[in-house]
Amino acid sequence: MKNQLENIYKSATEALENASSINDIEEIRTKYLSRKGEFNEIKKGLKDLSDEDKRTVGALANEITQKLETGLKLKYDEFYKKELNEKLQKERIDVTLPGKYTQAGHTHPLTSTTNEIVSIFQNLGFSVVNDDLSPEVETEYYNFDMLNVPKDHPARDMQDTFYTKLAKNVVLRSQTSGAQIHAMEGKNPPICVVAPGRVYRNENINARKNNFFHQIEGLYVDKDITFGDLKGVLNEFIRLYFGASRPTRFRSSFFPFTEPSAEIDVQCIMCEGKGCRTCSGTGWLEILGAGMVDPNVLKGVGIDPDVYSGFAFGMGVERLAMLKYAIDDIRLFFNNDIRFLEQFKD
Ligand code: DAH
């Protein structure tokens with residue numbers, strides 16, 4: 001039995017010497033030291049020996065098993081280090097290399113202009129009506145009828161408004177003024193809202209006109225609202241948007257849904273009123289349409305014009321952005337030329 005043990009130990013040590021990987025080590029461990037391994041098989045025979053032999057052979061068996069275990073452990077550690085080093089070498093990364101640059105997008109200038117204007121009005125106490133309440137695909141009812149636009153008004157002409165084939169009375173909204181009706185319908189004053197959105201018109205496209213653009217509508221209805229409130233709010237808006245008080249001019253005008261109506265000019269920001277190409281020599285730039293909400297419009301949504309009054313206004317986002325940033329062609333906003341857009345990173 002002693003010889004058997006010596007032989008197994010010899011072949012185990014040889015196998016260990018020839019081992020070349022952690023895998024080999026594991027195989028040797030299973031072959032010799034596991035429960036069904038060769039040493040255990042031999043140890044089973046111990047019970048048939050004399051007490052004396054049991055002691056000596058048992059001690060030898062333990063000694064050999066321990067030696068083998070130590071040998072396995074040393075080799076294991078050696079291979080583990082070696083394999084780890086190889087892996088680290090192979091997967092080596094240079095942490096000093098610069099990272100991969102992913103270009104981040106930024107807000108489109110029309111979006112940031114809209115956000116800026118809307119937040120000015122929010123600070124003045126207006127809340128926001130969005131497309132959920134007042135959609136781009138609209139019925140004539142909201143786009144015209146309820147805004148006191150007569151059936152035969154030229155603004156309804158196919159030249160100006162895009163009619164859809166969805167149904168007879170469905171149009172792409174030609175103005176955000178329909179939001180006024182959505183905001184008032186079924187509600188009681190005070191109503192104080194702005195409504196930004198895209199509008200569509202069947203225009204020939206040129207440097208000043210596109211067949212869709214963006215507007216921001218405003219509406220304030222309450223008791224005792226006067227034209228003075230309208231002037232105060234719009235002058236404050238102009239001061240905040242252009243960054244300084246500038247002279248304004250309220251010109252009498254006509255819109256079917258306001259009475260009286262006005263167009264508001266701001267002193268030309270290019271020439272300070274002296275007269276230049278941008279303002280066609282007049283010294284003034286038109287930036288807004290506005291007026292006192294027509295009593296007919298209030299009646300239509302069930303608000304008593306003898307108790308309540310209000311003002312409304314509408315402005316073009318492209319126009320306001322073009323004036324602030326001295327942009328001379330509206331098409332630049334829609335061509336997606338990165339050289340243009342990149343100038344508006346905030
Ligand atoms: N909706 C008008 C347009 O597109 C602009 C406008 C004028 C809106 C006067 C108003 C207003 O609310 O009171 O030309």
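Phe79 lies in helix H4, which spans residues 51-90; helices (H or I, at least four residues) and strands (E, at least two) are DSSP runs numbered from the N terminus. The model is predicted, so local features need pLDDT of at least 70 and side-chain atom pairs count only at pLDDT 80 or more, whereas totals for chains, interfaces and linings use all residues. Residues are numbered from 1 along each chain as its sequence is written, and side-chain values use heavy atoms, with hydrogens and water left out.

With a relative accessible area of 5%, Phe79 is buried (buried is under 20% relative accessible area, exposed over 50%, and partly exposed in between, with a 1.4 Å probe and protein chains only). Neighbours within four places in sequence aside, Phe79 is in contact with Ala19, Ser20, Ser21, Ile22 and Ile25, contact being heavy atoms within 4.5 Å. Gln103 is 24 residues from Phe79 along the chain, and the C-alpha atoms of the two are separated by 45 Å.

An open sheet is formed by 7 strands in the order E1-E4-E5-E9-E8-E7-E6, with mixed pairing; two strands pair if DSSP finds at least two bridges between them. Strand E1 (127-128) and E6 stand at the edges with a single partner strand each, so one side of each has no neighbour in the sheet. Helix H8 (residues 227-242) packs on the sheet and touches E6, E7, E8 and E9. The direction of H8 makes about 145° with that of E8, where axes are lines fitted to C-alpha atoms, for helices over the stretch in contact, and angles run from 0 to 180 degrees between N-to-C directions.

E4 and E5 run antiparallel and are joined by 10 bridges, with Pro196 opposite Ile216 in E5. E6 and E7 also pair in the antiparallel sense, over 7 bridges, and a hairpin joins E6 to E7 through 2 residues. In this pair Arg249 stands opposite Asp265 in E7. Of the 10 residues of E7, 8 are buried.

Pockets were found on a 1 Å grid over the protein atoms alone: a pocket is an open set of points where a 1.4 Å probe fits, with protein on both sides within 12 Å along at least five of seven lines, and lining residues have an atom within 4 Å of a point. Grid points are joined across faces, edges and corners, and a volume is the space filled by probe spheres set on the points. Elements that each supply at least two residues of this lining include strand E5 (212-222), strand E9 (309-316) and helix H10 (317-325). The largest share, 7 residues, comes from E8. By class, the lining has 22 nonpolar, 15 polar and 12 charged residues (Ala, Val, Leu, Ile, Met, Phe, Trp, Tyr, Cys and Pro count as nonpolar, Asp, Glu, Lys and Arg as charged, and the others, Gly among them, as polar).

The second largest pocket has a volume of about 200 Å³. Among its 13 lining residues, Leu110, Thr111, Thr114, Arg198 and His214 lie nearest its centre. Helix H5 (109-123) provides the largest share of the lining, 4 residues.
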